[in-house]
Amino acid sequence: MTDKDDVVFGAIHQGPNLRSGLADTLIAQIESGALKPGQRLPTEQEIVRATGVSRTIVREALATLRAKGLIATRQGLGAFVLANPKPTSFTILPDDLESIDEVRRVLELRLGIECEAAGLAALRRTEHDIEQMQACLAALDEAIESGGYGAEEDYAFHRAILRATQNPYYARLFDTFGTSMVPRQWARLDRMTPAERKQHAARMRREHQAILTAIRDGNEAAARRTIRSHLTKSMARFGEMRDAKLSS
């Protein structure tokens, strides 16, 4: 690399999603100004040498930056940082949740959104909202008892809470993320014994029912407390799962 294009790339951690890791590194350098508007990026081969990842990973990461409107490719010249990046919408995709730590970060985000929403729902919910939440929980029970993960049903219950705020932006935000906000693929239900599965379903039912009861009763403080407890316990369970994997 020339002095003009000299950019320090830390070795990319060889985690489960290398493309995301490299893309995140490049995005951070653009946002911090280490990669300036109009600056040419190092070539694919230079990035390969600097980071140790494969050329395929580099190409996928650059494609991600192009899709986000952060860089543009000029024929025969290479890729350049755009001076006025196009605004992009934020989303969470299933591929973003390839580690338990990423799932826990999503749960942290949900804490900030859903605790406020649950409090508003307790103050503003209608009888129809309560009926919808009850129907979602019944569908979730049925899905788990029939051997499924219940991701769509779980998502529907939490979305019903957001709708009960009577503020459409809450539900629209959840719709942007879809069922990625409820990453049940990490629940490992398929590895549970029938007794463990039954115990898990009963625990989820208790936690969800406590949230529903607080909202139905119009108890704002209890609604915030119960949903915080539910999501915090989920984070703790994922933490235990991560620690078990590390020790195995």
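**View A. Glutamine 166, a partly exposed loop residue.** At 43% relative accessibility, glutamine 166 counts as partly exposed. The model shown is predicted. Glutamine 166 sits in the loop between helix H6 (151-163) and helix H7 (168-177). Its phi is positive, about 65°, although glutamine 166 is not a glycine. Most residues other than glycine have a negative phi.

**View B. The crossing of helix H2 and helix H3.** Two packed helices are described by the angle between their axes and the distance between the axes. Here the pair is H2 (residues 44-51) and H3 (residues 55-67). Their axes come within 9 Å. They cross at roughly 115°. That makes H2 roughly perpendicular to H3, because angles of 65 to 115 degrees count as such. The crossing of H2 past H3 is right-handed. On the H2 side, Glu44, Gln45, Ile47 and Val48 make the contact. What is the make-up of the contact of H2 with H3 by class? It has 4 nonpolar, 1 polar and 3 charged residues.

**View C. The salt bridge of arginine 55 with glutamate 44.** In this pair, the closest N and O atoms are 3.9 Å apart. The salt-bridge cut-off is 4 Å, so the pair counts. Arginine 55 belongs to helix H3 and glutamate 44 to helix H2. The two residues are 11 residues apart, and the pair links distant parts of the chain. Arginine 55 is partly exposed, with a relative accessible area of 34%. Glutamate 44 is also partly exposed, at 25%.

**View D. The salt bridge of glutamate 116 with arginine 224.** The closest N and O atoms of this pair are 2.8 Å apart. Which parts does the pair tie together? Glutamate 116 lies in helix H4 (residues 100-124) and arginine 224 in helix H9 (residues 220-247), so the bridge joins parts that are 108 residues apart in sequence. Glutamate 116 has a relative accessible area of 32% and is partly exposed. Arginine 224 is partly exposed too, with 26%.

**View E. Arginine 216 and aspartate 217.** These two residues form a salt bridge. Their closest N and O atoms are 3.2 Å apart. Arginine 216 is partly exposed, with a relative accessible area of 37%. Aspartate 217 is exposed, with a relative accessible area of 52%. The salt-bridge count comes to 8.

**View F. Glutamate 207 in helix H8.** Helix H8 (residues 194-216) holds glutamate 207. Is glutamate 207 buried or exposed? Glutamate 207 is buried, because its relative accessible area of 8% falls under the 20% limit. Which residues does glutamate 207 contact, leaving aside its neighbours within four places in sequence? They are His230, Lys233 and Arg237.

Key:
Residues numbered from 1 in each chain as written. Predicted model: local features only at pLDDT ≥ 70, side-chain atom pairs only at ≥ 80, totals over all residues. Heavy atoms only, no water. Axes fitted to C-alpha atoms, helices over the stretch in contact; angles between N-to-C directions. Helix = DSSP H or I, 4+ residues; strand = E, 2+ residues; numbered from the N terminus. Parallel < 35°, antiparallel > 145°, perpendicular 65-115°, else oblique. Left-handed = near helix turned anticlockwise from the far one by under 90°. Contact = heavy atoms within 4.5 Å. Nonpolar A, V, L, I, M, F, W, Y, C, P; charged D, E, K, R; others polar. Buried < 20%, exposed > 50% of the residue type's maximum accessible area, 1.4 Å probe, protein only. Salt bridge = Lys/Arg side-chain N within 4 Å of Asp/Glu carboxyl O.
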